[in-house]
Amino acid sequence: MSIDKNTVRKVASLARLEIDEAGLEKMTPKLNGILQWIEQLQALNTDNVEPLANVANIELKLRTDALTDGNCADKVLANAPETTAGYFVVPKVVE
Amino acid sequence: MTNLTHLTIEQALKGLDKKEFTAVELTQAHIKAMEKFRSLNAYIVETPEIALKQAAESDKRRAGGKAGLLDGIPLGIKDLFCTEGVQTTAASKILEGFKPQYESTVTANLFRDGAVMLGKTNLDEFAMGSSNTTSAFGNVINPWKRKGDNTDLVPGGSSGGSSAAVAARICMGATGTDTGGSIRQPAAFCGITGIKPTYGRCSRWGVVAFASSLDQAGPFARTVKDNALLLRSMAGYDAKDSTSADRPVPDYAAAMTGNIKGLKIGVPKEYRVDGMPAEIEKMWQQGIEWLKAAGAEIVDVSLPHTKYALPVYYIIAPAEASSNLARYDGVRYGQRVTSGKDLKDMYQKTRAEGFGEEVRRRILVGTYVLSAGYYDAYYIKAQRVRRLIYNDFMSAFEKCDVLLTPTAPSAAFPIGENEDDPVKMYLNDVFTVTGNLAGLPGLALPAGLDAKGLPLGLQLLGRPWGEETLFNVAGVIEKAANFTALPESVQKAA
């Protein structure tokens, strides 16, 4: 399977990555190289094989339903590019 | 005092105990060496003030008879571990200036035991790479050179700063992370030892996430025993990481008895890959001979799905990365491009500018394989093949206790090589990536030099939670290999 520039543009938009025409020209063949390479998996029969999502084999523990953290708004905001009055600031979303 | 930097951790701990030198002196020697080797670009940030403060506190603890397991030992910390108040970048522009307000569990464990932090070591951006050439803070240079050739070589990746720093004696040990080989391959390229433990052995809390089902932290050092000491401190259950294992941490160094009589060493035939240099094949054979001589039994095993491991990895890792890296939106932390005309535009510009080319490429691959219509064909398919790879190992471990393989298919290569073709670069991880997919512990150690004078490594892969056996077998290889070579620039002072 190979993908064209339009597909790359769409995927880039889904991934919230701005990409211009020159970037598409450069990126598309490299992505195709990778996709063609991973295509070899299709040759393998995996009927009746359960997907393996996690090898840890660890049973998740239940924690006690209690407050363990909080009251650290300053720390949460410490690295924000822009804040005001204890909030993160972003460009206007609603007109 | 220069030779203080050539001690092993084990020797340094003894020297500190016998009052031959203080932790402050040991740290000062390393700070001086670190300055001398700045041209390697192994550190993104040096933290000499923190180091000296920690060292002075360590000396006080030792004087009071309260020294911890690693008290006074100066380490490099991969800049993927969040360190409270100290810039943590994952070698990405998007996190430049980010100062975590909390400490990663692994570094907190090391500090609990008295370790000293010299600085944050360089890496491939978001740990994505095999050559440390994708860092936004510049390439790391391997202290090793080919004989009679001054070309700069890569230190391997992604933990290239850590491996170069340990090899150059500008720290005694270092932390790394390994998602597809990022501890073991750089250890091999720099002639040092490193271990990726079983998935779940070290907490991932506070480690910048790349591919969560594969990421695992581990140490680098110059001897097997030093790795055992470091891992004992780093490992352990952490309620903050639901995938960390609630099982006791053994005294790994105590497992190094040197007795491997009757142990079964598996040699997987699928690890003989096309184009592998004859010297690596020879080194592998040498490793087999050493273990045989020590009384181990060699068993031929088969891991039939090995050739699918890299394609599986390059679906699963980018898929998980694209999800993990969705958090970098320029809102809560990190860099923001302010010229966006609306919120989406701000996200897109921030991410396009903040991420380097390899990271953007992997985000795109990951987003594509997870997108509607392709999820089953790629992602679920890869997870099915991942199970087959896992099953291969479990069958092999019915016949043997440990697997012996080469660590990487080549020695360190010149900076710039393999850059044109991402797939070619990915092949560096052909022997290591299987250990991540199956969650197994893998240890890499130097076994000798090739004809050009560069280190070559061997890898041991063990059963889940089989670290003790790995350390024991590695100790036997280490003794037989007697690897004492040093990069030319790093000779001991007379």
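Mentor: Here is a short tour of a strand, a chain contact and a helix.

Mentor: This is a predicted model, where local features need pLDDT of at least 70, side-chain atom pairs count only at pLDDT 80 or more, and totals for chains, interfaces and linings use all residues. Residues are numbered from 1 along each chain as its sequence is written, with chains lettered from A and ligands numbered from 1 in the order in which they are written.

Trainee: Okay, strand S9 of chain B: how many of its residues are buried?

Mentor: Five of the five, residues 402-406, so S9(B) is largely enclosed by the rest of the structure. Buried means 20 or more other C-beta atoms, placed from the backbone, within 10 Å of the residue's own. Strands are DSSP runs of E, at least two residues, and helices are runs of H or I, at least four, numbered from the N terminus.

Trainee: Which residues sit on each side?

Mentor: B:Val402, B:Leu404 and B:Pro406 are on one side, with B:Leu403 and B:Thr405 on the other.

Trainee: And which strands does S9(B) pair with?

Mentor: S7(B), residues 264-268, runs parallel to S9(B) with two bridges, and B:Gly266 stands opposite B:Leu403. S11(B), residues 455-462, runs antiparallel with five bridges; there B:Leu460 is the bridge partner of B:Leu404. Pairing takes at least two DSSP bridges.

Trainee: Switching topic: how many residues does each chain put into the contact?

Mentor: Chain B puts in 52 residues and chain A 39, where contact means C-beta atoms, placed from the backbone, within 7 Å. On the chain B side, H12(B) gives the most, with ten residues.

Trainee: At what angle do H2(A) and H11(B) pack?

Mentor: About 60°, with the axes 11 Å apart. The axes are lines fitted to C-alpha atoms over the stretch in contact, and angles run from 0 to 180 degrees between N-to-C directions.

Trainee: Which residues make that contact?

Mentor: A:Met27, A:Lys30, A:Leu31 and A:Ile34 come from H2(A), and B:Arg361, B:Leu364 and B:Val365 from H11(B).

Trainee: Last one, H4(B): mostly covered or mostly open?

Mentor: Mostly covered: six of the eight residues in H4(B), residues 105-112, are buried. Among them are B:Val106, B:Leu110 and B:Phe111.

Trainee: What do those buried residues pack against?

Mentor: Strands S2, S4 and S6 and helix H7 of chain B. Just after H4(B), B:Gly114 takes a positive phi of about 100°.

Terms used
A residue is buried if 20 or more other C-beta atoms lie within 10 Å of its own, exposed if 12 or fewer, and partly exposed in between; C-beta atoms are placed from the backbone. Two residues are in contact if their C-beta atoms, placed from the backbone, lie within 7 Å.
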